[in-house]
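Please look over the chain shown here. What can be read from its fold, its surface and its side-chain contacts?

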Amino acid sequence: MTSPILDSTSKLIAKLQTLAPEQQQEVLDFVEFLAQKYAQPQQPPQKRVLGLNQDKIWISDDFNDPLPDEFWLGESKG
């Protein structure tokens, strides 16, 4: 009894041998692309750390206040 993987491999090789050399190269390029794409282990996203950058930035007390009309109308203050 043959294993399913061995049977699939034999079928694949038989099909490859029927292709022209240029087509075989295309198959090889595609297999290498797939191997590279899926070889990289998927890393879980890092968890956020609360307070990691505390006291690193400053925001003005009036940050959420509406902007004055001069800002929208393009008028200068001086």
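The report below moves from the whole chain to single residues.

## Model and confidence

This is a predicted model. Mean pLDDT over the chain is 88, and 95% of the residues score at least 70.

## Overall shape

The chain has three helices and zero strands. Read from the N terminus, the order of elements is α-α-α. Helix α1 covers residues 4-17. Helix α2 takes in 21-39, and α3 takes in 69-73.

How does the radius of gyration set this chain against a compact globule of 78 residues? The chain has 31 Å, whereas such a globule would have a value near 12 Å. The C-alpha trace spans about 85 × 35 × 20 Å along its principal axes. One pair of residues gives a sense of the distances involved. F33 and W58 are 25 residues apart along the chain, and their C-alpha atoms are separated by 47 Å. F33 belongs to helix α2.

## Burial and surface

What share of the 78 residues counts as buried? The figure is 0%. The cut-off for burial is under 20% relative accessible area. F33 counts as partly exposed because its relative accessibility is 44%.

The chain exposes about 8,500 Å². Carbon and sulfur atoms supply 58% of that area.

## Nonpolar patch and aromatic pair

Which residues form a nonpolar patch on the surface? They are L67, F71, W72 and L73. Together they have about 500 Å² of accessible area. L67 sits in the loop between α2 and α3. With 42% relative accessibility, L67 is classed as partly exposed. F71 and W72 are both exposed.

F71 and W72 form an aromatic pair of the edge-to-face kind. Their ring centres lie 4.9 Å apart, with 90 degrees between the planes. The two patch members in this contact, F71 and W72, are thus paired with each other while both count as exposed.

Side chains of opposite charge can pair when their charged atoms come close. In this model the count is one salt bridge. K11 and D7 form a salt bridge, and their closest N and O atoms are 3.7 Å apart. The cut-off is 4 Å.

Both K11 and D7 lie in helix α1. They are four residues apart, about one turn of the helix. Are the two partners exposed or partly exposed? K11 counts as exposed because its relative accessibility is 54%. D7 has a relative accessible area of 35%, so D7 is partly exposed.

## Backbone at D55

Most residues other than glycine have a negative phi. What is phi at D55? The angle is near 65 degrees, a positive value in a residue other than glycine. D55 is located in the loop between α2 and α3, and L67 is in the loop between these helices too. D55 is exposed, because its relative accessible area is 74%.

Note on methods:
Residues numbered from 1 in each chain as written. Predicted model: local features only at pLDDT ≥ 70, side-chain atom pairs only at ≥ 80, totals over all residues. Heavy atoms only, no water. Patch = residues over 30% accessible without salt bridge, like charges linked within 9 Å, V, L, I, M, F, W, Y side chains within 5 Å. Areas by Shrake-Rupley, 256 points an atom, 1.4 Å probe, with all protein chains shown as cover. Salt bridge = Lys/Arg side-chain N within 4 Å of Asp/Glu carboxyl O. Helix = DSSP H or I, 4+ residues; strand = E, 2+ residues; numbered from the N terminus. Buried < 20%, exposed > 50% of the residue type's maximum accessible area, 1.4 Å probe, protein only. Phe/Tyr/Trp six-rings, centres within 6.5 Å; stacked < 30°, edge-to-face > 60°. Rg over C-alpha atoms; globule rule 2.2 N^0.38 Å. pLDDT = per-residue confidence, 0-100.
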